[in-house]
Amino acid sequence: MVRTGSASVAAGPTLAVVAREAGVSVPTASKVVNGREDVAPETRRRVTEALDRLGYVRRPRFDAAKTSGLVDLVVHSLETSWSGAVLHGVEAAAHDAGLEVVVSAGLTRNRAGRPDRGWMDKLTARGSSGVLFNLAELTSSQYGWLDQHRIPYVLIDPVLEPPPGVVSVGAANWQGGVTATEHLLALGHERIAVVAGHQRKMCSSARVAGYRSALAAAGIRQRPEYVRHAGFDESAAHLRTLELLDLPEPPTAVFVCSDHMALGVYEALAERGLRVPGDISVVGFDDLPEARWTTPALTTVRQPLSEMAATALRLLVRMMEGDRPESTRTELSTRLVERASTAPPRD
């Protein structure tokens with residue numbers, strides 16, 4: 001895990017820096033640090049010399065008898081079904097690993113939106129053995145602090161592209177965007193719009209990229225006016241949908257990049273007296289419980305939130321034990337769940 005900015009000086013070199021110095025991959029450098037035998041002698045020599053030359057401080061291997069038995073889970077909010085699914089996955093995996101979980105909400109930034117160090121102090125006071133961050137936006141100084149204190153951490157569905165070497169778990173968002181769009185194309189739709197989240201967020205940009213790729217593969221002209229960003233906000237999705245309906249040639253189908261935003265889309269369509277799917281088809285993304293509660297029930301792309309969280313916890317345990325995942329990015333597959341919100345377009 002890398003440190004950036006001034007924190008890197010105080011914390012010392014990261015394993016990524018050592019690997020670059022030795023001309024090897026981070027997983028290979030990790031094998032040398034952890035005493036693995038499946039490394040060529042010449043490679044081991046180069047990595048060892050780089051470790052000594054750069055002053056890398058080896059993290060002691062995890063000893064369950066000497067740790068608190070606690071891991072922290074920092075979530076964006078506790079008020080959504082999304083967070084409930086993540087909590088379920090972490091709790092189940094932590095139970096299997098014999099660990100307890102401390103849950104905190106929205107602690108990486110204060111009420112003014114600035115980086116907050118309060119959760120760091122609490123983390124140190126508790127003596128937690130590792131941290132899971134869900135939908136968190138960490139700053140370079142916060143990454144540096146975690147690395148300086150040798151605290152293992154894993155990101156669940158990171159908002160932004162994490163620094164090199166940081167371990168994260170997410171869903172196959174690009175493929176999910178392709179799948180949603182291909183489903184609508186197969187029904188005969190060509191005028192397909194997308195109501196996306198934040199432009200800068202990884203998951204949103206990947207889903208939109210998948211949408212565009214599917215249209216291009218089908219030979220369908222991409223219309224810039226059919227791409228609307230609503231920031232994963234239900235009210236904004238409502239407004240963006242009204243804008244789409246006011247176009248000279250409105251879409252016959254909408255791919256919505258979250259089930260939560262799809263509620264706003266449904267509201268806008270009802271406001272205009274349009275029926276789903278008789279007048280317009282709608283596909284969501286997430287497969288949250290509310291996707292089944294809507295009328296009609298929402299066709300959506302399922303991303304395995306609980307499985308993502310459980311995978312992140314298991315990776316964290318490996319890191320606590322001194323092991324290093326060979327890949328820093330793990331993506332779990334998505335799949336389409338067909339319900340009643342999609343149909344062929346009207347003549």
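pLDDT is the predictor's confidence in each residue, on a scale from 0 to 100. This model is predicted, and the mean pLDDT of its protein chain is 87. Of the residues, 88% reach 70 or more. Two stretches call for caution. Over residues 1-11 the pLDDT is below 50. Even so, this stretch has 30 contacts in the model beyond near neighbours in sequence. Residues 60-66 also stay under 50. For them the model has nine contacts beyond four places in sequence. Where pLDDT is low, predicted coordinates should not be read in detail.

Start with a helix pair. Helix 3 spans residues 26-33, and helix 4 spans residues 41-54. Their axes lie 10 Å apart, and the helices pack at an angle of about 80 degrees. Angles of 65 to 115 degrees count as roughly perpendicular, so helix 3 is roughly perpendicular to helix 4. Helix 3 brings Thr28, Ala29, Val32 and Val33 to the contact. Helix 4 meets them with Thr43, Arg44, Val47, Thr48 and Leu51. Five residues of this contact are nonpolar, three are polar and one is charged.

Six strands form an open sheet in the order 7-6-8-9-10-12. The pairing is mixed. Strand 7 (227-229) and strand 12 (335-337) are the edges, each pairing on one side only. From one strand to the next, the twist averages 20 degrees.

Within the sheet, look at strand 8 (residues 253-256) and strand 9 (residues 281-286). They pair in the parallel sense, over three bridges. Phe255 stands opposite Val283 of strand 9.

What lies across strand 8 and strand 9? Helix 11 (residues 259-271) does, and it also lies across strand 6 (192-196) and strand 10 (299-302). Helix 11 runs at about 160 degrees to strand 9.

Helix 11 has a helix partner as well. Helix 10 covers residues 234-245, and its axis comes within 7 Å of the axis of helix 11. The two axes cross at roughly 45 degrees. Helix 10 and helix 11 are therefore oblique to each other. Their crossing is right-handed.

Which residues of helix 10 and helix 11 meet? From helix 10 come Glu234, Ala237, His238, Thr241, Leu242 and Leu245. From helix 11 come His260, Met261, Leu263, Gly264, Val265, Glu267, Ala268, Leu269 and Glu271. The contact divides into eight nonpolar, four polar and three charged residues.

Technical notes: Residues are numbered from 1 along each chain as its sequence is written. This is a predicted model: local features need pLDDT of at least 70, side-chain atom pairs count only at pLDDT 80 or more; totals for chains, interfaces and linings use all residues. Side-chain values use heavy atoms; hydrogens and water are left out. Axes are lines fitted to C-alpha atoms, for helices over the stretch in contact, and angles run from 0 to 180 degrees between N-to-C directions. Helices (H or I, at least four residues) and strands (E, at least two) are DSSP runs, numbered from the N terminus. Angles under 35 degrees count as roughly parallel, over 145 as roughly antiparallel, 65 to 115 as roughly perpendicular and the rest as oblique. Contact means heavy atoms within 4.5 Å. Ala, Val, Leu, Ile, Met, Phe, Trp, Tyr, Cys and Pro count as nonpolar, Asp, Glu, Lys and Arg as charged, and the others, Gly among them, as polar. Two strands pair if DSSP finds at least two bridges between them. A crossing is left-handed if the near helix is turned anticlockwise from the far one by less than a right angle, and right-handed if clockwise.
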